[in-house]
Amino acid sequence: MRALSATNKYLLRYKWHFLGGVLFVALSTLLAIFPAQIVRYAFDLVSEGIDLYHLYAGTSAQSSVYSLFGRNVLLYGIIIVTMALLRGIFLFFMRQTLIVMSRHIENDQKNEIYQHYQALPLSFYRRHSTGDLMSRISEDVGRVRMYFGPAIMYFLQLVLLFVLIVPLMFMVNVKLTIYTLLPLPILSISIFYINNLIERKSDEIQRSLASMTTFVQEAFSGIRVLKSFVREENSHHQFAVASDNYREKALSLNFVNSLFFPLILFLVGLSTIVTVWIGGQEVIRGTITTGSIAEFLIYVNLLTWPVTALGWTSSLVQRAEASQARINEFMQQQTDVVSRQNVELDIQGDIVFDHVSFTYPDTGIQALHDVSFRIRPGQTLAVIGNTGSGKTTIAALLSRLYDVSSGTIRVDGVDVRDLSLRALRSQIGYVPQDVFLFSDSIRNNINFGLDEPDEARMLQAAKDANVYENIMRFPEGFDTKVGERGITLSGGQKQRVSIARALVKEPKIMILDDALSAVDTNTENAILNSLQRIMHNRTSLIISHRVSSVKLADLILVLDDGTIVQHGTHEDLMREEGGLYRALYERQLQSEDAA
Ligand SMILES: Nc1ncnc2c1ncn2[C@@H]1O[C@H](COP(=O)(O)OP(=O)(O)OP(=O)(O)O)[C@@H](O)[C@H]1O
Ligand SMILES: [Mg+2]
């Protein structure tokens, strides 16, 4: 139970639910036990009554004996029914406290995990698959909930029942008690094993289903490729195999499930037979009355379910423990990207890279070697270079998605590690290389970074990103949904929506990472022109493969394999015979001519 001790704080938080639950479990248990005693009185009364009735045979007292007993039995009946009703009410409140508590805890825990996930660094997301993240926040949390809900509830019930019933039984007859209780541990243990088996098989089914879902999803999102390569048959064959696998697992689970109830009924039946058999012998010997047999039979019935539940709850707790251990593993991970000083700053846009080197922690690839440069407010810096030369890495370091391995990055003279993350990132407009839009309306996608969207600002951003005309041509304009179940934007349209999303923030630093790669040269020029207008007293960092995107910049860095090999303006760099920049320029000029 070591992992689960991390969840004690929730019990503390919902202590009133928990204590209320304990109270209602106790009350409902008491109300289950009293009727058993009343049944014994009633039985004994009836057997005495029959004797008495026969004794007074033929006298006038006989009918009054009859009505007296009749009234008493009726009274007992009414008491039993009333208790059953009250018990029902308490059982209702037991669920309303304990199960409700478990749902609250489930909700709290999910939110905590989600919030924690978001704080974790990008390297964490590279190490763990989305499926893993999802299963911990849904399935594992669900299993922990089973511990707080049913497991605690039935365990409390079991303990109280045992504590109250077993002494009562012993008081009536020791031998009968021992014989009656004997089959119950066997019941409990076998249920524990069967339940583990069932859960294991259910997990297998779950996994099989998940892989089938993934397969189907891939097949349908890749339907164009599938059809054009004429792979329908092959794909169906693969599906049939996955589906067969699922069927096998489901049948095997059904087999175990089919054994489950017969086994319970058999063991319960055994207890009943033992009670009647041994009890009958005791009655003959005169140590107990027939009423006691009835009482015991009720006890056995009362104990059966909790004892069954004990096996079940132990396996629930075991699984909850394993799940909580998996949750703890993630919750204990800390992000190393934190602010040292939390400096809040209105950024002007003076950016300095001072002998910056960077090695990706999880691959060990050194992406930048000793990179130094300075951009002043209002200037545009362009970075050009071959693929894999480290351009995106510069952008990632500036927005502090990673921390430098050595050297420093300063914004307005402050080390970025001292700036508050929120202050830094909220003043940067980042257009990432791989455009990602949410399955939502274009309006919400553009306004994504704003707490309070402003219509006029959004329209202006769309115009500056040169996507306004495109959007207005859609029947629903800005309310057009993109992505799944929505319209599919072209590559260039997506890029421009992504640029508008960055512009609408009115950032102090704008980073365009290859954000013009999918637009034609005319659109590129239009966007660059509006950028120059908007960013005239702010700083822009333009990353590109294409000379056409960078030639207007105040300073151009040419990166090769993580090192700055050239820097200067377009004119400077063009003059450097045999330089990489000129080679790039000529290569691109040729391909444009060819096109
Ligand atoms: N998240 C990452 N984890 C580990 N290594 C990475 C990661 N991202 C990039 N790299 C490596 O760092 C190097 C520089 O990559 P980077 O993405 O900065 O190149 P780039 O210049 O942006 O290339 P491109 O023009 O293709 O976008 C590459 O060798 C790449 O393999
Ligand atoms: Mg890149």
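Reader: Which protein atoms are the donors of the magnesium ion (ligand 2)?
Author: In this predicted model, they are T392 (OG1) and Q433 (OE1), lying 1.9 to 2.2 Å from the ion. Donors here are N, O and S atoms within 2.8 Å of the metal (3.2 Å for Na, K and Ca), and water is not among the atoms, so sites may look incomplete.

Reader: Where do T392 and Q433 lie?
Author: T392 is in helix α11 (residues 391-398), and Q433 is in the loop between β6 (428-431) and α13 (442-446), so the pair ties together parts that are 41 residues apart in sequence. Helices (H or I, at least four residues) and strands (E, at least two) are DSSP runs, numbered from the N terminus.

Reader: What is the relative accessible area of T392?
Author: For T392 the value is 31%, partly exposed. Q433 is also partly exposed, at 38%. The classes are buried under 20% relative accessible area, exposed over 50% and partly exposed in between (1.4 Å probe, protein chains only).

Reader: What numbering and cut-offs apply?
Author: Residues are numbered from 1 along each chain as its sequence is written, while chains are lettered from A and ligands numbered from 1 in the order in which they are written. Local features need pLDDT of at least 70, side-chain atom pairs count only at pLDDT 80 or more, and totals for chains, interfaces and linings use all residues; side-chain values use heavy atoms, with hydrogens and water left out.

Reader: Switching to the sheet. What is the strand order?
Author: The order is β6-β7-β8-β3-β9-β10, an open sheet of six strands with mixed pairing. Strands pair if DSSP finds at least two bridges between them. β6 and β10 (563-568) are the edge strands, each pairing on one side only.

Reader: How many bridges join β7 to β8?
Author: Five, between β7 (residues 509-513) and β8 (residues 539-544), which run parallel. I511 stands opposite L541 in β8.

Reader: And the core: how many residues are in the largest nonpolar one?
Author: It has 34 residues, and F353, F373 and L398 have the most contacts inside it. Such a core is a set of buried Ala, Val, Leu, Ile, Met, Phe, Trp, Tyr and Cys residues joined through side-chain atoms within 4.5 Å. Elements giving two or more residues to this core include β1 (351-359), β2 (366-375) and α11.

Reader: What does F373 touch, not counting residues up to four places away in sequence?
Author: F373 touches I351, V352, F353, L381, I394, L557 and I564, where contact means heavy atoms within 4.5 Å.
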